[in-house]
Amino acid sequence: TGMFTYDPGFTSTASCESKITYIDGDEGTLLYRGYPIEQLADHGDFLETCYLLLYGELPTKAQKDDFVNRVTYHTMIHEQMNRFFAGFRRDAHPMAIMCGTVGALSAFYHDSTDITDPHQRMVASLRMIAKMPTIAAMAYKYHVGQPFVYPRNNLDYSSNFLHMCFAVPCEEYKVNPVLARAMDRIFILHADHEQNASTSTVRLAGSSGANPFACIAAGIACLWGPAHGGANEAALSMLAEIGSVDQIPEYVARAKDKNDPFRLMGFGHRVYKNYDPRAKIMQKTCHEVLGELGIKDDPLLDIAMELEKIALNDEYFIEKKLYPNIDFYSGITLRALGFPTNMFTVLFALARTVGWIAQWKEMVEDPSQRIGRPRQLYTGATRRDYTPIDQRR
Ligand code: CMC
């Protein structure tokens, strides 16, 4: 009809103005509020990054202490939510549990669902950042059939999370600070990524005035897909399927074959056409974790490094500008930290929650904000008259 711009996949449509995250896909740059991701990953911590994403500036010492205190205050979830978990099948995918339980927060925290009230918005934001590790750890514990572990508020954010996941009754569990630091860095790397599919989903859901818990649940649902957050799980499964270094050429050939739907998981990105700056930090973190745990020969790491080398020198991948993305090395790292593959996307959701909230908050506070309502090019039947059923052929 020519009335609307046809842009499937929104490759050339800016859906909003934003001051939060900047990506230069050609240069391989990622900035949160202007700060390079490398500097935040090296020198910052996750809660400081949360503050930065939410409020636009790095906190002073006093601001940071206050923020950490306020987040820590909200780490518990209502005891009745335990029963909500019990309704899931024992082998439920942890992401299914996340979609359900995070959505259910709206039913437990009515006093922070009025989005017109700035105080309620702030409380909802703190609650979600604080409760996400608790819920994610509970999804894990439920899945493996162990009792829930309550948050320990004398531990930092990532140490507390590892403790809730891996402590078991009647056994001493001490969080390894090197692994906690790696976990924290993984959270920083995943904290925001401007208008990706799940963030756009959160904004679209929020544009109707839906409460923030419902919006984040929508984001989690979108993140689940293998082309988005599910890629780290898919990447590790792929490395396991390849099985040995000598099988790599066969898989590379399949990835290049137009008639084969197979893709190299953990390769390619809609925006990064040079390299994914997060992938470099992730690779470094991966080596640190394996080193700390004394894992010398990880066959999957060998396959990953060889696959990367082969693909980076292959004409197909060079021409299509396909580089390893963050998910290529995160799977190996998370597995070494002790997480089963079906928890990987949950960890991504935990970290991305702050980005979703920051973007949601920015949208709600924007006076020019209207409901998101894409248009379409209609290609269906033209007007026709109803035929009674006995006259249809
Ligand atoms: N392996 C082989 N070929 C590929 C791959 C791949 N991983 N990715 C893209 N291509 C080819 C694709 O076949 C297409 O070829 P042609 O132009 O001949 O049809 C061309 O490259 C462009 O691909 P596209 O699907 O049009 O690109 P896109 O921007 O729509 O997709 C992507 C981006 C990330 C979905 C895609 O690269 C992909 O499926 N990668 C594997 C999944 C993955 O690792 N996802 C994680 C992304 S980063 C974290 C996150 O966002 O959650």
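1. Basis of the notes. This is a predicted model, in which local features need pLDDT of at least 70 and side-chain atom pairs count only at pLDDT 80 or more, while totals for chains, interfaces and linings use all residues. Residues are numbered from 1 along each chain as its sequence is written.

2. Overall fold. The protein has 17 helices and 3 strands, where helices (H or I, at least four residues) and strands (E, at least two) are DSSP runs numbered from the N terminus. For 393 residues a compact globule would have a radius of gyration near 21 Å, and the 22 Å of the protein agrees with this; the radius is taken over C-alpha atoms, and the globule rule is 2.2 Å times the number of residues to the power 0.38. The C-alpha trace spans about 75 × 60 × 50 Å along its principal axes.

3. Of the 393 residues, 43% count as buried, a residue being buried if 20 or more other C-beta atoms lie within 10 Å of its own, exposed if 12 or fewer, and partly exposed in between, with C-beta atoms placed from the backbone. Among contacts with a separation of 6 or more, 76% are made by residues 24 or more positions apart; two residues are in contact if their C-beta atoms, placed from the backbone, lie within 7 Å.

4. Helix α10. Because 9 of its 12 residues are buried, α10 is largely enclosed by the rest of the structure. The buried residues include P212, F213, C215 and L223, and their cover includes α5 (94-108), α6 (118-144), α9 (197-207) and α17 (344-364).

5. The β1–β2 hairpin. Strands β1 and β2 (residues 29-32) pair in the antiparallel sense over 4 bridges, pairing being defined as at least two bridges found by DSSP between two strands. There are 4 residues between the two strands of this hairpin, and G28 in the turn has a positive phi of about 75 degrees. D24 has T29 of β2 as its bridge partner. In β1 (residues 21-24), T21 and I23 form the covered face, whereas Y22 and D24 form the uncovered one.

6. Ligand shell. The ligand is surrounded by 19 residues, of which the closest are A231, R263, F267, G268 and R270; a residue is near a molecule if its C-beta atom, placed from the backbone, lies within 6 Å of it. The shell divides into 8 nonpolar, 7 polar and 4 charged residues, where Ala, Val, Leu, Ile, Met, Phe, Trp, Tyr, Cys and Pro count as nonpolar, Asp, Glu, Lys and Arg as charged, and the others, Gly among them, as polar.

7. Backbone points to inspect. F10, in the segment before β1, has a positive phi of about 50 degrees although it is not a glycine; F10 is partly exposed, with 13 other C-beta atoms within 10 Å. R33, in the loop between β2 and β3 (35-36), likewise has a positive phi of about 50 degrees without being a glycine, and R33 is partly exposed with 19 C-beta neighbours inside 10 Å.

8. F4. This residue also lies in the segment before β1 and is exposed, with 10 other C-beta atoms within 10 Å. Leaving out residues up to four places away in sequence, F4 touches R375 and L377.
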